[in-house]
Amino acid sequence: MPSAGFTSNDRVPGAPLPRSFYMAPTLTVARQLLGKILVHEAPGGAVAGWIVETEAYRGPADRAAHSRGGHRSARNEVMYGPPGHAYVYFVYGMHHCVNIVTQPEEVPEAVLIRALEPLIGLPLMQRRRALPDVAPWRLCRGPGVLCRALGIDGTANGADLLTSRLRVHDAPDLPAATVARTPRIGVAYAGTDAARPWRFVVRGHRAVSGPRRDASPGDA
DNA sequence: GAATAGATTGTCT
DNA sequence: GACAATCTATTCT
C-alpha cells in the first residue's frame, strides 16, 4: 500500500502495463488502475505516484463523456484511437486533466485519473505546485493539480503509455475491501448518467479528492 | 466540515 | 455567448 518517504533519486518500480490491460471493459480498467503507478519523465526529472482515484467515461451512450452522442473533434480525437494512450484536455480555462484511453480503435472510452499519492520526485512536485512545505498527500489530490504536479500539459496528448515519457507501471493489485465506488464528480449536467457509480477510490485514502467512501453499511 | 463565489480560456452552438 | 470531467479562498456553522 502507498506510503510516503521517497525522493527524486529513487528509481520508478515496475514495468509498463501491457496493451492488453487497456482492452478490458472500461469499468474494469478503472478499478484495476487503482494502486498502479503513473510516471512522467520530464527534463526537470522523473516524478511518479500511486493512482488512488479514477473515473470511467464510456463513449457515445454516456452523457458525461466528451464522446457523448458520438461527438468527435480535434479535442477528443485521441479517445477514438488505440488503447493505452493519454488523452489530455484543458478545462475551466486553467487546468489540464489526463485520461487513459481504453478499448479498441473507434470505441471512444477512457479513464480519468483524479488523484495520486506521490511516490517519486516530491521536491519537483512541490516546486511545480509552488507549495514548498505542503504535506505530500496534498500534492496530487485532484485531476487538475495532479497534472500540475507531474508537469503534464497538452504536449502529452496522445502519448503512448507503454513507450513514451508518460507511462503507467504495474504494481500489486489492491484487495477488494480497500476499493469503494461512488458517482462521478462534476458531471451534474449529465442527467441520469450523473448518478452512475463509475468513480473508484482507495477507501478512506487521504490523497483522494472529495468523498473517500461509498454509502455502504458497515463503515466505521 | 460544508457551502459559495471567483478565476480564466478553449470549445462548441 | 455559454459553458466546462476544477481549484482555492472565504465565510459560514
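## Surface near DNA strand B

In this predicted model, the surface near DNA strand B comprises 3 nonpolar residues, 3 polar residues and no charged residues. A residue is near a strand if one of its heavy atoms lies within 4 Å of it. Ala, Val, Leu, Ile, Met, Phe, Trp, Tyr, Cys and Pro count as nonpolar, Asp, Glu, Lys and Arg as charged, and the others, Gly among them, as polar.

The residues around DNA strand B are His71, Ser73, Phe90, Tyr92, Gly93 and Met94. Of the atoms of DNA strand B that come within 4 Å of the protein, 60% belong to sugar and phosphate.

## Approaches to the DNA backbone

For Gly93, a polar backbone atom is 3.4 Å from a sugar or linking oxygen of DNA strand B.

Asp214 is located in the segment after β8 (199–202); strands are DSSP runs of E, at least two residues long, numbered from the N terminus. Asp214 is partly exposed, because its relative accessible area is 21% (buried means under 20%, exposed over 50%, partly exposed in between; 1.4 Å probe, protein chains only).

The side chains of Asp214 and Arg203 are joined by a polar contact of 3.3 Å (a pair of N or O atoms within 3.5 Å; within protein, one must be able to donate a hydrogen and the other to accept it, and residues adjacent in sequence count only if both atoms are side-chain atoms). Asp214 and Ala180 are 5.7 Å apart in space, C-alpha to C-alpha, and 34 residues apart in sequence.

## Basis of the values

Residues are numbered from 1 along each chain as its sequence is written, and chains are lettered from A and ligands numbered from 1 in the order in which they are written. In this predicted model, local features need pLDDT of at least 70, side-chain atom pairs count only at pLDDT 80 or more, and totals for chains, interfaces and linings use all residues, while side-chain values use heavy atoms, with hydrogens and water left out.

Technical notes:
Helix = DSSP H or I, 4+ residues; strand = E, 2+ residues; numbered from the N terminus.
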